Amino acid sequence: MDAFVDLLLNYGYVGMMIAAFMAGTVFPFNSELVMLGLAAAGLDPWGLIIWGTIGNTAGGMTCYAMGWLGKTDWLVKYFHVREDRLEKVQGFVQRFGPWMATVSFLPAFGSVICIALGLLRANPWLTLAAMTIGKGTRYALFAFAPELFR
């Protein structure tokens, strides 16, 4: 895994986007480590925020598309999405609709939220907008958090 992170660090902003994409899908990955490494290497925080947001949102929308296909048994079998989590999250998604995507950055539940939004056929444009806002805000807070504590 360390070699893979090193590879992503060598790719700069594209590496950030790839790491963020992976973190936005059902694959367990931590794009914040890559962001920290790239920030330490001197890359512009705004570039990291933009490319991270693009990649993470694309990953989230990939999960949305997986849900849109509506094959819960595939999600459980091939992507190891826990059915009990999916059922629990669906209740919240039905209540709050596409705006639930603003919290799709949450660890362990973020990809399930995106999948549930797809399963329930939430408006894709509102989902995309809410997801972009949530994920972008998260990366901005993460990028500038060290500045807040100086």
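Thr 62 lies in helix H4, where helices (H or I, at least four residues) are DSSP runs numbered from the N terminus. At 31% relative accessibility, Thr 62 counts as partly exposed, a class that falls between buried, under 20% relative accessible area, and exposed, over 50% (1.4 Å probe, protein chains only). The C-alpha atoms of Thr 62 and Cys 114 are separated by 8.4 Å, although the two residues are 52 apart along the chain. The model is a predicted one, in which local features need pLDDT of at least 70 and side-chain atom pairs count only at pLDDT 80 or more, whereas totals for chains, interfaces and linings use all residues. Residues are numbered from 1 along each chain as its sequence is written, and side-chain values use heavy atoms, with hydrogens and water left out.

The axes of helix H4 (residues 45–68) and helix H7 (residues 110–119) come within 6 Å and cross at roughly 45°; axes here are lines fitted to C-alpha atoms, for helices over the stretch in contact, and angles run from 0 to 180 degrees between N-to-C directions. H4 and H7 are therefore oblique to each other, given that angles under 35 degrees count as roughly parallel, over 145 as roughly antiparallel, 65 to 115 as roughly perpendicular and the rest as oblique. On the H4 side the contact (heavy atoms within 4.5 Å) is made by Gly 60, Cys 63, Tyr 64, Met 66, Gly 67 and Trp 68, and on the H7 side by Ser 111, Cys 114, Ile 115, Leu 117, Gly 118 and Leu 119. By class, this contact of H4 with H7 has eight nonpolar, four polar and no charged residues, where Ala, Val, Leu, Ile, Met, Phe, Trp, Tyr, Cys and Pro count as nonpolar, Asp, Glu, Lys and Arg as charged, and the others, Gly among them, as polar.

Ser 111, found in helix H7, counts as buried at 16% relative accessibility. Not counting residues up to four places away in sequence, Ser 111 touches Gly 24, Thr 25, Val 26, Cys 63 and Ser 104. Ser 111 and Gln 90 are 21 residues apart in sequence and 12 Å apart in space, C-alpha to C-alpha.

Helix H7 is also approached by helix H6 (residues 83–96), the axes coming within 9 Å and crossing at roughly 65°, which makes H6 roughly perpendicular to H7. H6 passes H7 in a right-handed crossing. The residues in contact are Arg 85, Leu 86, Val 89, Gln 90 and Val 93 of H6, together with Val 112, Ile 113, Ile 115, Ala 116, Leu 117 and Leu 119 of H7. Sorted by class, the contact of H6 with H7 has nine nonpolar, one polar and one charged residues.

The structure holds two aromatic pairs, a pair being formed when the ring centres of Phe, Tyr or Trp (its six-membered ring) lie within 6.5 Å, with planes under 30 degrees apart counted as stacked, over 60 as edge-to-face and the rest as tilted. The rings of Trp 46 and Phe 144 have their centres 5.2 Å apart and their planes at 55°, so the pair is tilted. This pair links distant parts of the chain, with Trp 46 in helix H4 and Phe 144 in helix H8 (residues 124–148), 98 residues apart. Phe 144 is partly exposed, with a relative accessible area of 25%. Tyr 64 and Trp 68 form a tilted aromatic pair as well, at 5.8 Å centre to centre and 40° between the planes; being four residues apart in helix H4, they are separated by about one helical turn. Tyr 64 is buried, with a relative accessible area of 5%, whereas Trp 68 is partly exposed at 37%.

Helix H2 (residues 12–24) and helix H3 pack at an angle of about 165°, with their axes 8 Å apart, which makes H2 roughly antiparallel to H3. The crossing of H2 past H3 is left-handed, and the contact is made by Gly 12, Gly 15, Met 16, Ala 19, Ala 20 and Ala 23 of H2 and Ser 31, Val 34, Met 35 and Leu 38 of H3. Ser 31, placed in helix H3 (residues 31–40), is buried, with a relative accessible area of 0%.

Methods
Helix = DSSP H or I, 4+ residues; strand = E, 2+ residues; numbered from the N terminus. Left-handed = near helix turned anticlockwise from the far one by under 90°.
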